[in-house]
Amino acid sequence: MRISDIQRCEVRPGQLVEWRLSPETVAAAAVLPTDPRPPAYIQESHIRTARSVREGGLFVPTWLGTAFDLAGQVDLDVLEQALRGWTLRHETLRSGFRWVGDEMHRFTLDEDDVTLQREVVGIFEDPDLLVRHLQDRFDEAADALGWPNLIYAAIVREDSTSVYLAFDHTNVDAYSLQRIPNEVQELYTALVAGRPSTMTQVASYVDFCEQERANANTIDDTHAIVARWREFIGRCDGRLPEFPVDLGLQPGDQLPVQKLMREPLVDADAAAAFETYCRPYGGSLVGVLAATSLIVHELGGQPVYRTVVPFHTRLKSAWSESVGWYVGGAPIEVPAAQDFDAALASVRAQLQANRSLARIPLARVLHLLGEDFRPTSPDLYSIVSYVDARLIPGSACWTEQKAYGLLRVSYGDQVCAWVNRLHEGLWLACRYPDTDVACKNVRLYIEKLRELIMSVCPAPLH
């Protein structure tokens, strides 16, 4: 799925309809007893950071979303049924948190108490006005510090309807977003045809949160994983790693506005050739990280590239179709290498040695280290992520469906880059501080990444 901001996801005019959880559902949630299942460490860290940044006087929207088209004339009653059915399928979407003193307590609604309220907002003929309206609505309705923290919308036209779903990050990760178009389409199509849906029941992210937290709480500050992070953070001058090139920021600056670069990186043939070249070392993830290590050394001169690599934590098949924030991080340190092959070997060794560290949430580790990296920035560290999305159900239809994964680009002092392998090739999106220096260096990084990928592809035959 192409990652984009809402400004560049092909928003077109039409009649706007919105759905939120109904007032009756919100009232039922207000009197629920506490659900003993705790938040995941990553959820708690996200919400505490959002609260701290807000208390510092800055509203930083952090929602994620997805956009896709349903072809033909859509029956809104049936679409509403499909959206409610999809919401009930994933327990985290009817679960939230309330503060009791300085503790976060979970509450979770029964399925029978969940209903949607539909509002016809009106006809928008100007796409720019529509984009601004959608962004403002999603900012308000999918807020980390509010509940409900999700909203659905549809832009209805005679020949097609564009569907938008936006959530606070506590509910979803990128993989969750990528599954949504196919699931909602299947539920809608099944209802129209009067047949049962082909989708099977999924495990609950709320149950996963409880299990992961119980497991994380069994370790203490003498654990080998904690020791490894302690050493890594020590070598990062007591911080978590930033993108090691000049971003034009000064210590003590206010949190800068961000921008997004998003574009095709290389086509399907080049993506396949790159994968083939990198496969002996572990594949394209290793290749993207190895290439990045070479490029940032060239641009920034640091002798070692240190970063935290995101990995999914869906370690059991039961979680594979579940909506939630199933992400952990593993630290790697890649010394400046002579060439790409040497960098590949170095990254492979680092990932093999450290990938298991992603199983323990970083927020738990930081607590055990007595560190508080909070909460001046919504991003704890810079990332370079690689995902092969071609096996996601429905991915072959994403271009035809105008399917996008949506990022809210607001404020932040880190560089976060996502490389997705699609059927059409590699797609890159990168969020970075909006300074002239950062824009220049991120552009250089992307161009050099493209060049390096192309350099290991076999020359075309003439």
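Is Ala389 buried or exposed, and what is its relative accessibility? In this predicted model, Ala389 has a relative accessibility of 1% and therefore counts as buried, the cut-off for that class being under 20%. The points below begin with the surroundings of this residue and then turn to the sheet, the nonpolar cores and a pocket.

**Ala389 and its surroundings**
- Ala389 belongs to the loop that runs between strand β12 (383–388) and helix α12 (398–401).
- Beyond its neighbours within four places in sequence, Ala389 makes contact with Met1, Gln178, Ser395, Trp398, Arg421 and Leu422.
- His423 is 34 residues from Ala389 in sequence, while their C-alpha atoms are 8.3 Å apart in space.

**The seven-stranded sheet**
- Seven strands form an open sheet with mixed pairing, in the order β1-β13-β3-β8-β7-β2-β6.
- The edges are taken by β1 (2–4) and β6 (116–124); each has a single partner strand, so one side of each has no neighbour in the sheet.
- On average, and with direction ignored, neighbouring strands of this sheet are turned by 20° against each other.
- The partner of β1 is β13 (residues 404–407), and the two pair in the parallel sense over three bridges.
- Within this pairing, Ile3 is found opposite Gly405 of β13.
- Helix α5 (residues 174–193) lies across two strands, β3 (64–71) and β8 (160–167), and runs at about 35° to β3.

- In soluble globular proteins, nonpolar side chains tend to be buried together.
- Here the largest nonpolar core comprises 68 residues, and those with the most contacts inside it are Trp19, Leu79, Trp86, Tyr152, Leu165, Phe167 and Trp229.
- Helix α3 (residues 76–89) gives the most to this core, contributing seven residues.
- Tyr152 touches several residues from this group, including Trp19, Trp86, Leu165 and Phe167; its other contacts include Val17, Glu18, Leu83 and Tyr164.
- Another core lies apart from the largest one and has 51 residues, among them Leu247, Leu285, Ala343 and Tyr432.

**The second largest pocket**
- The second largest pocket holds about 910 Å³ of space.
- Its lining consists of 33 residues, of which Arg239, Glu242, Leu247, Leu249 and Asp413 lie nearest the centre of the pocket.
- Helix α2 (41–55) and strand β10 (304–312) each supply at least two residues of this lining.
- Leu247 links two of the topics above, as one of the residues of the 51-residue core and as one of those nearest the centre of this pocket.

Methods: Residues are numbered from 1 along each chain as its sequence is written. This is a predicted model: local features need pLDDT of at least 70, side-chain atom pairs count only at pLDDT 80 or more; totals for chains, interfaces and linings use all residues. Side-chain values use heavy atoms; hydrogens and water are left out. Two strands pair if DSSP finds at least two bridges between them. Helices (H or I, at least four residues) and strands (E, at least two) are DSSP runs, numbered from the N terminus. Axes are lines fitted to C-alpha atoms, for helices over the stretch in contact, and angles run from 0 to 180 degrees between N-to-C directions. Contact means heavy atoms within 4.5 Å. A nonpolar core is a set of buried Ala, Val, Leu, Ile, Met, Phe, Trp, Tyr and Cys residues joined through side-chain atoms within 4.5 Å. Buried means under 20% relative accessible area, exposed over 50%, partly exposed in between (1.4 Å probe, protein chains only). On a 1 Å grid over the protein atoms alone, a cavity is a set of points where a 1.4 Å probe fits but cannot get out, and a pocket is an open set with protein on both sides within 12 Å along at least five of seven lines; lining residues have an atom within 4 Å of a point. Grid points are joined across faces, edges and corners, and a volume is the space filled by probe spheres set on the points.
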